[in-house]
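Keep the viewer open as you read.

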Amino acid sequence: MDDLAQIRALMSVRPPTPEVVAEGRARLTAAFQEPLRETVSREPVLPEPTVGRIRRAIRAARWTALGAGLLGVAATTAVVLSQGAPDPAPTRSVAVLSAKDVFLAAANSTVRMPTTGKYWVRKAVNGRRLDSPDKRYRLAKTTAVESWVPRAPGGRAWTITQEQGTAPATPEDEKAWRAAGSPRSWTYPDRKVTLHAEPGERQAVWNDAGKSMTLFDTPMTPQALKALPTTPEGIRTYLEKVVADGYGAEPVNMNANVFQYGTQLVMDFPVSAEVRAAVYRMCAVLPGVKSLGTVTDPLGRTGQAVGFQEGAAARTRFVLDTTTGQPLASESANSYRGELIESYAAVSSLTWTDEEPDLPAKQSPQDRPAD
Amino acid sequence: MITTPSREAEDAHAIEESLHVPERFAVLYDRYFPDIHRYVAGRLGTQTADDLTAEVFLAAFRGREGFDPARGTVRGWLYGIATNLLARHRGQEAHHLSVLRRMSADDGIDAGHEELVAGRLTAAGVRGPLAEALEAMPEADRDALLLLALAELSYEEIAHALGVPTGTVGSRLNRVRRKLRAALGGVNPLIGASDG
């Protein structure tokens, strides 16, 4: 990207909502009744003070921020880090299936999932490994997260999270941690964040806005999930649109992105068995997919890992169970300002249910506007 | 033979007509609201932009007699008004830039797994220094640079919008972009595979 494209990326915003456009147009229309001013001036006329009512109306219309916020909560909240680091070089079994074989096997064995129920529920563990603030050892942080999204429009969505605590990542890191005085908390001054060794309280955040989680800013409502294409070509076209909308005019590696968002779609949303099979069949013929062999995922489950050869997706591996078609985990290793940050999301269940969430005492509304 | 009037001529014509038929001004609103909003929101944040963009069009409508097609395009004139109104929100702009800078710096711990996976976080490595450079530069330089980057105006339109000679815009932009690239050159946001 050149400097101008970087500025555009830094300052990119969502387009104004129809409500904002309509509100501004109404203000302009009201001004049509005004007589022409006597004086002709090159300088623009000073604006009137902002009206609070309009601000409130606008705030009520900001819904993509809510959707993104809900996903943000789900994504940042994490459980116990397994010893298995998200290593981009996995242990290989004797007979390595090709990526195509992995995806086709998963597509063919995809077990039918319930498509009825009051809520769709996703239970997962998010993990992160990063340098300690003094950079002498590596820390592992995990969070358990449950997302409950109602089928009925206007129903209450819940995100229940629990920090599982932070600890040295490996036995070697533990030695360095002891040498550093065995601290029980870690503060990152430049990031304004403190991590704690003790697990946190289980807490729930609710959202009544009737909005849903998003796939790269595209809202995934129950209706949108139901309308997903069930052919590999249809899914590819759909994902290309999600990517194009998300990136705007920025040039992207489309194959890497449809791999990325296709795998995220099956990892994060309760798609039907047909949609899941279609995503896998699309991935099977995608140039650039590669098999990484049999691996153990962060929750200790055995699966087949696949990756992508280029783009941002190259730093990720996707683990799936070819015997059931279940997506298990997404693991990635990224460098951020010279520091290696490993992260994963491991899904333990993803289904529709008639059950109710087991809510903790600590509850709060998710009503803080972004910005 | 039928000729299609240029968009510039159409816009100027709409202003002229709106002197007698104010409703004609609405066509300019429909045509340019999203663009002006993107420019204002990029600089001040969406919440401020939602109100301020409407104010730009009100101010433009009330000052429409002052538009002179001989001086430049309606588009450049609208961006000029937007930039003038933005100038009363320098504090908000500084705040917005510092939010952009901090958002870039905070990441790595609480960023979502998806952001990490998508490589948007690594791109953030360059965003902190970029926001910092934008914060630090003189306002006149920032106005010209963002009219080029966000509004994608020509040098002539920027000159019209800012009320300065075109040559001044050219030399100002050359200087500020040279400095900016030098500031960003020291950052290597991507290690390993390149993003597509």
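A nonpolar core is a set of buried Ala, Val, Leu, Ile, Met, Phe, Trp, Tyr and Cys residues joined through C-beta atoms within 7 Å. Buried means that 20 or more other C-beta atoms lie within 10 Å of a residue's own; with 12 or fewer the residue is exposed, in between it is partly exposed, and the C-beta atoms are placed from the backbone. The model is predicted, so local features need pLDDT of at least 70 and side-chain atom pairs count only at pLDDT 80 or more, while totals for chains, interfaces and linings use all residues. Residues are numbered from 1 along each chain as its sequence is written, and chains are lettered from A and ligands numbered from 1 in the order in which they are written.

With that in hand, look at the largest nonpolar core, which has 55 residues. Those with the most contacts inside it are B:Val40, B:Val56, B:Phe57, B:Leu78, B:Ala82, B:Leu147 and B:Ile158. Setting aside residues up to four places away in sequence, B:Val56 touches B:Ile36, B:Leu78, B:Ile81, B:Ala82 and B:Leu85 (contact: C-beta atoms, placed from the backbone, within 7 Å). Another core, of 54 residues, lies apart from the largest one, and includes A:Tyr238, A:Tyr261, A:Leu286 and A:Leu350.

Now for chain B as a whole. It has ten helices and zero strands (DSSP runs numbered from the N terminus: H or I of at least four residues for helices, E of at least two for strands). Of its 196 residues, 53% count as buried. Among contacts in chain B between residues at least 6 apart in sequence, 69% join residues at least 24 apart.

B:Tyr155 is partly exposed, because 17 other C-beta atoms lie within 10 Å. Beyond its neighbours within four places in sequence, B:Tyr155 is in contact with B:Thr166, B:Val169 and B:Gly170. B:Tyr155 and B:Val169 are 14 residues apart in sequence, and their C-alpha atoms are 6.4 Å apart in space.

Finally, turn to chain A and a pair of its helices. Which residues of H9(A) meet H10(A)? They are A:Phe259, A:Gly262, A:Leu265 and A:Val266, which meet A:Arg276, A:Val279, A:Met282 and A:Cys283 in H10(A).

Terms used. Contact = placed C-beta atoms within 7 Å.
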